[in-house]
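Here's a quick briefing to read with the model open in your viewer. Have a look below, and then we'll go through a few spots worth a click.

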Amino acid sequence: MIDVVFVLEGTYPYVSGGVSSWVQALITGMPELTFGIVYLSESYKENRPLKYEIPDNVVCLLEVSVFDLVSLPPDEGADRLESWRAFSSLAGGLERGELDDFEDLFMHLGFGGKRGATVAELGTSRASWTVLTEIYKEQANETSFVDFFWTWRGALASFLQLMLVKPIPARCYHAVSTGWAGLVATNLRRIHGRPMLLTEHGIYTNERKIEILKAEWLSTMNARLSLRQELGFLRKFWINLFLALGKLAYEHADRIFSLYEGNKALQAEYGADPATIEIVPNGVKIKYLEGERTPLAQREFPRVGFVGRVVPIKDVKTLILAFKTVSATLPDACLDILGPTEEDEEYFEECRALVGLLGLGEKVVFHGRVDVVEWFKKVDIQVLTSISEGQPLVILEGFCSGLPCVASDVGSCRELLEGRTDEDRALGSAGLVTGIGNPEDTAQAIIAILQNPELHHSMSLAARARVKAYYDYDEMIHTYRSIYQSAMESEGVWQA
Amino acid sequence: MAEEQGLVGFFTGYSVAAAIMAGPWIMTVLTVLGVTMLSPDLDWFDAYITHVYQVSLITVGFFQFPATRYLADLLYKKEYRQVFPSFHYTLLICLAITTAIGSIWALTTPEPPGLERLVVLCLMNIVSAQWVSLVFLVTVHNYRAILGAFLLGGVVSIFSVNEYFGFNSNLDVLAGYTAGQALTLFILVGTLMSEYPAYQAFDKSCLAWLKRHPSLPLAGGLFYLGIFADKFAFRYGGWLSGEGIMGRQVLAPWLYMSEPYEFLTFLAQLTVIPALAVFYIRVETGFYEVYKAFYKGIDDRCTLEELKNIKQQILEEMKSGARAVASAQGVISLLCFLVAPQILPNYILSSTNTAILRASIVASYFAILLLLVIVLLLYFEFYREACFSALLYTVLNYVLTVLTILMSSDLYGWGAAVASCTAFLVAARILWVRVDDLLYQTFSKSPVETLPETVKGLPGVGRYRIQKGELSC
């Protein structure tokens, strides 16, 4: 039997990033355990390129598409009407943002043995039509019906689909987000009666909420609504859906882990019991990354570095706008953007266009994927302008090289730069925190550090000291090893 | 035109509509009648013509609706370059089938002479090609060219029956008729080519609808099969009646005729032109507008209430349209029913034949209404319902005709009449119920596309990318 099955949405091993690196670190750090991976993707894709070399102790990788539906035959002798009733209850629950009776859903829509209809039948049945039109009349009768219908059908179909993911047996399950991954892990926990662990780097419910509130496509969908002075029903729907999924995962997770205090508070706000939340920070391999730095004063010209994927959530455009101001004060400065650009090519092109528009052509270079260890030595400051983060590993990796950081006030960035506890804060500041999406604030912070070699030096020392004291990779692996041991040795969380 | 310009406009409008909807068919019927009347003793020629048209109509019938549907998609997407390659491919398939059927007959029948068989085979393919061309040409709206093609071809065909030139044998008349129809085909294809230049030979995807909706080709094929089901019962049902079926002749293996039944039903079918004209006008002016409004309403993100209101308008339009078609055609059919003896040529006039003609007029009345209902079912993409209606018609037409043959010659023709009436009533009811339920049918019934389950390993959703050993508890 597999020791630990990770349930991951859109991350390891096909998408690079902080969460993926963290998963890879745990797997390679515990070679004595076997791991399985359930990877949730948008749609099935043969020969999807791996972004990580899969370690030998990964014994299974199962890809599950959230949107490409597979029809499984219903259970023999199951009551179709009961499944429709459960379907109706599911629809109502998602609409309210509460899934009251998961056991009922599991029995009649999942692997509980009483599933009386296929996903396709449930989606096209007269019963589902009645349920949806009733909800529409009660909640959204001024909303575009076509948008309402397809939104509902899509969401319900995905939910039903994920209730039927291949039930891989394992000693424990580890979801690295709530949402769809949390649903799959909850379901696997229910099937096998083994513990479910939940670690959140960013708070999924919160991130989805931000995305939905900003989503232009939802604005387009609701264009008619503004004329009718109607609230955005579809926005409300999506937010409630992820809220319901979040609560479901929090309710069923046997242990919940957070990277830092801020996230813990958010998890509690979205429905987790604060008493069950533990903080386990990220860790980095200090020896591997550390090395001597050339003092700022001895540099030929100052270099600003950004390490990460060029995607909207990283808000690279704010960084480029900020660099325009930096460049006006420090004409020799250059900006090195270090990270893959292919994930969102449209966004990448927009960033390139912005660079051209601002006349920063030769000063801003997109390097693509690089050896960050080498680049941490070359740049003088790291800047992170993300609109959402958990505990960014790149900041910690930069700290190992003594690299000060300017970061937006998201996730645990403030804790990392200024310290979490009094003892930690006594180490000094390792950088400056700026407002989210604020180019001017970001620019002034960069200039303040780059124009003051002494400040830069003190921040560099504080960065090295903090990462050594609180964010050691070996310590993180040790903590998770004991978490897994405890979960694997438990007698089970549910008895039939 | 009919609504805007008073009585003259009214007649002009309906005449144009009739010419558009039934022009090629009327021309063909008149040509065949012309040839038959000029040389009434050519039994073989009549049999050839009847069989050629039946085989070609039924064959093309299976491809007509899928090709029309695909063509609509092409035109919607403005992919005009694919039209001619699609025509090519559909033509190729249809000709392959008619050639196969014709060849089986030509190779297995001991008579007529080989050359005659060869000409019949050619004619069968030419006529099939004409129908396929028409399916594609309807989109061009060049009705003058279409009617001109049939008129010219018809003149040549009739002119070939001319004793002055010594053209009076079966082969002469057949060859002349074939030449005329080849000319028609030549003009039709030329018109199509001038409208849609070809940039590639074939577009094989044009028949994707055959696979995607098998009920769509079946609806067309079965309807034409239904039209001829009663003729088949008369023609091949010799064993049914101890006394023999009136007017039935066996010319050669596979070449049976049952006159005057076939001639009378043929004549009766000419009475339904008004229904086609009124339907065309109603669809073009009223129905299509509300039909379009419904789907535009979906595109425009209307609310459920707004969509329900448009659906109600569709029902109202269907109701008033049905009343207009049924009453206009009803008046004509009733008139023809009453004056049936006056319609018949002297040499065929008898009390039995009058009864058959009257029954056939009733059968044609309901058959054309059934066809129009099937067309509306296809408009709303209720393919299975259209297919069921056509199947019901085919089965009822054959079974009830057999029953009437067994019962009495006084009932000849009434089997087809009851069959078409029953099939029409059932189809109309289905259409009404489905359209009344249009929102559910449009939204909820649109299929949830699913992939097959991967059978590897545990049951459930997901695909293994890595799997080392068996996964077990």
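Let's start in chain B, where H11(B) passes H15(B) in a left-handed crossing. Keep in mind that this is a predicted model.

**Helix pair in chain B**

- The two partners are helix H11, residues 304-338, and helix H15, residues 414-436, and their axes come within 10 Å and cross at roughly 165°.
- Angles over 145 degrees count as roughly antiparallel, so H11(B) is roughly antiparallel to H15(B).
- On the H11(B) side, the contact is made by B:Lys311, B:Ile314, B:Leu315, B:Met318, B:Lys319 and B:Phe337.
- H15(B) answers with B:Trp414, B:Leu431, B:Trp432, B:Val435 and B:Asp436.
- Sort the residues of this contact by class and you get eight nonpolar, three charged and no polar.

**Helix pair in chain A**

- Over in chain A, the axes of helix H14 (residues 316-329) and helix H20 (residues 439-450) come within 8 Å, crossing at roughly 45°.
- That angle makes H14(A) oblique to H20(A).
- As for handedness, the crossing of H14(A) and H20(A) is right-handed.
- H14(A) brings A:Thr318, A:Leu321, A:Ala322, A:Thr325, A:Val326 and A:Thr329 to the meeting.
- Facing them from H20(A) are A:Pro439, A:Glu440, A:Thr442, A:Ala443, A:Gln444, A:Ile446 and A:Ile447.
- The class count for the contact of H14(A) with H20(A) is seven nonpolar, five polar and one charged.

**The cavity**

- Searching the whole structure turns up one cavity of 30 Å³ or more.
- The largest cavity holds about 70 Å³ of space.
- Which helices each supply at least two residues of its lining? They are H4 (119-124), H5 (126-139) and H6 (145-162), from chain A.
- H6(A) gives the most to that lining, with five residues.
- To find the spot, select the lining residues A:Phe87, A:Val119, A:Leu122, A:Gly123, A:Ser128, A:Leu132, A:Phe149, A:Arg153, A:Leu156, A:Ala157 and A:Leu160.
- By class, the lining comes out as eight nonpolar, two polar and one charged.

- A:Tyr12 and A:Pro13 are joined by a cis peptide bond, with omega about 0°.
- You'll find A:Pro13 in the loop between strand E1 (2-9) and helix H1 (18-29) of chain A.
- A:Asn47 isn't a glycine, yet its phi is positive, near 55°.
- This asparagine, A:Asn47, is found in the loop between strands E2 (35-41) and E3 (58-65) of chain A.

Methods:
Residues numbered from 1 in each chain as written. Chains lettered and ligands numbered in written order. Predicted model: local features only at pLDDT ≥ 70, side-chain atom pairs only at ≥ 80, totals over all residues. Heavy atoms only, no water. 1 Å grid on protein atoms, 1.4 Å probe; cavity = no way out; pocket = protein on both sides within 12 Å on 5 of 7 lines; lining within 4 Å. Points joined across faces, edges and corners; volume = space filled by probe spheres on them. Helix = DSSP H or I, 4+ residues; strand = E, 2+ residues; numbered from the N terminus. Nonpolar A, V, L, I, M, F, W, Y, C, P; charged D, E, K, R; others polar. Axes fitted to C-alpha atoms, helices over the stretch in contact; angles between N-to-C directions. Parallel < 35°, antiparallel > 145°, perpendicular 65-115°, else oblique. Left-handed = near helix turned anticlockwise from the far one by under 90°. Contact = heavy atoms within 4.5 Å.
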